[in-house]
Amino acid sequence: MTDARTDWTREEIAGLFDLPFTELVYRAAEVHRRSFDPAEVQLSTLLSIKTGGCVEDCGYCSQSVSANSGVKATKLLEVQQVLQRAAQARDAGSTRFCMGAAWRNPKDRDMPAIIEMVQGVRSMGMETCMTLGMLTPAQADMLSEAGLDYYNHNIDTSPERYDQVITTRTMDDRLDTLSNVRMAGINVCSGGIVGMGETRADRVGFIHTLATLPDHPQSVPINALVPVKGTVLGDMLADTPLAKIDDVEFVRTVAVARITMPGSMVRLSAGRESMSEMTQAMCFLAGANSIFTGDKLLTAPNAGDDNDMAMFARLGLKPMAIDLTPAEVEAQRMPKGCAKLEAAE
């Protein structure tokens, strides 16, 4: 595994973005091959376990009460429903099962059911991930004790642009939850969304924020905005040149994420259904090594299992397998009360 730096400067990261495209992708591919098999891509499945009705005003999100997107609020799914969907995902080749709830933060009364879901999915031999909004230290500890492998909490964009996307919480709120997750010994999954009308300087700031955390996120999802009618950004960017990030710039973002965070899983997330196969191939060359399968990501459309398997066959890629014993999986979890974090603070 390549030694990872957490002292990147914005100037260094901007310099990577400015490299000739072929040189940048070449460097990213070299970094990727030091830590990963370039022919393997992890298949992940994302399930909305509680949809809509979120009080946050994230400008990109169709599940916000501020959006007029037609998404109906639902209650938390029953545990057995979630486990059935996890079993289906496993049978379709997924080795990672992610569960998302449209909450600002989970209520303590929801935690017993959440804990059952984590334990049930993990017993199937799959990696588990949850995204439930902000967490208290006590809630993070509960999830850790249940065996949660990853917790997703995206920073979305650069610190400078953050309040133009969300006003109901701050970047510091996001970083506080990431700190609680690290201290509980859970692997961090944190990335963001590009194509929201941001500048390259914002993409530099986004990568810089993640690459200078006390520990790099073990998982870095990179989403391309899916403009949804009825959301602030969807209505603002629809039918404009800003509605879709340039493919070359998207690949550059993936490549810079790979170089600056060499040991992280870099995940192609939302927006893949609108990307060409060649753009996705370039992302894999530049260091992306995980995708979400299925025809839906929470409420957004996705490419679909059959299309992905056909693409893998054409590109000579294979799904990543988890062949670790339970003890080995446990050994990969973050140490509780990360000493590096305490030293940094």
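I began with Arg267, which is buried at a relative accessible area of 1%, where buried stands for under 20%, exposed for over 50% and partly exposed for what lies in between (1.4 Å probe, protein chains only).

I note that this is a predicted model in which local features need pLDDT of at least 70 and side-chain atom pairs count only at pLDDT 80 or more, while totals for chains, interfaces and linings use all residues. Residues are numbered from 1 along each chain as its sequence is written, and side-chain values use heavy atoms, with hydrogens and water left out.

I placed Arg267 in strand β8 (residues 265-268), a strand being a DSSP run of E of at least two residues and a helix one of H or I of at least four, numbered from the N terminus. I found the Arg267 side chain in polar contact with that of Gln42 at 2.8 Å; such a contact is a pair of N or O atoms within 3.5 Å, and within protein one must be able to donate a hydrogen and the other to accept it, with residues adjacent in sequence counting only if both atoms are side-chain atoms.

I then looked up the unreviewed UniProt entry, whose "binding site" annotation covers Cys98, Cys129, Cys189 and Arg267. These residues span 170 residues in sequence, yet no two of their C-alpha atoms are more than 13.3 Å apart, so they gather at one spot. UniProt positions follow the numbering used here, feature names are shortened, and annotations may be inferred rather than shown by experiment.

I checked Cys189 in strand β5 (residues 187-189) and found this cysteine buried at 4% relative accessibility.
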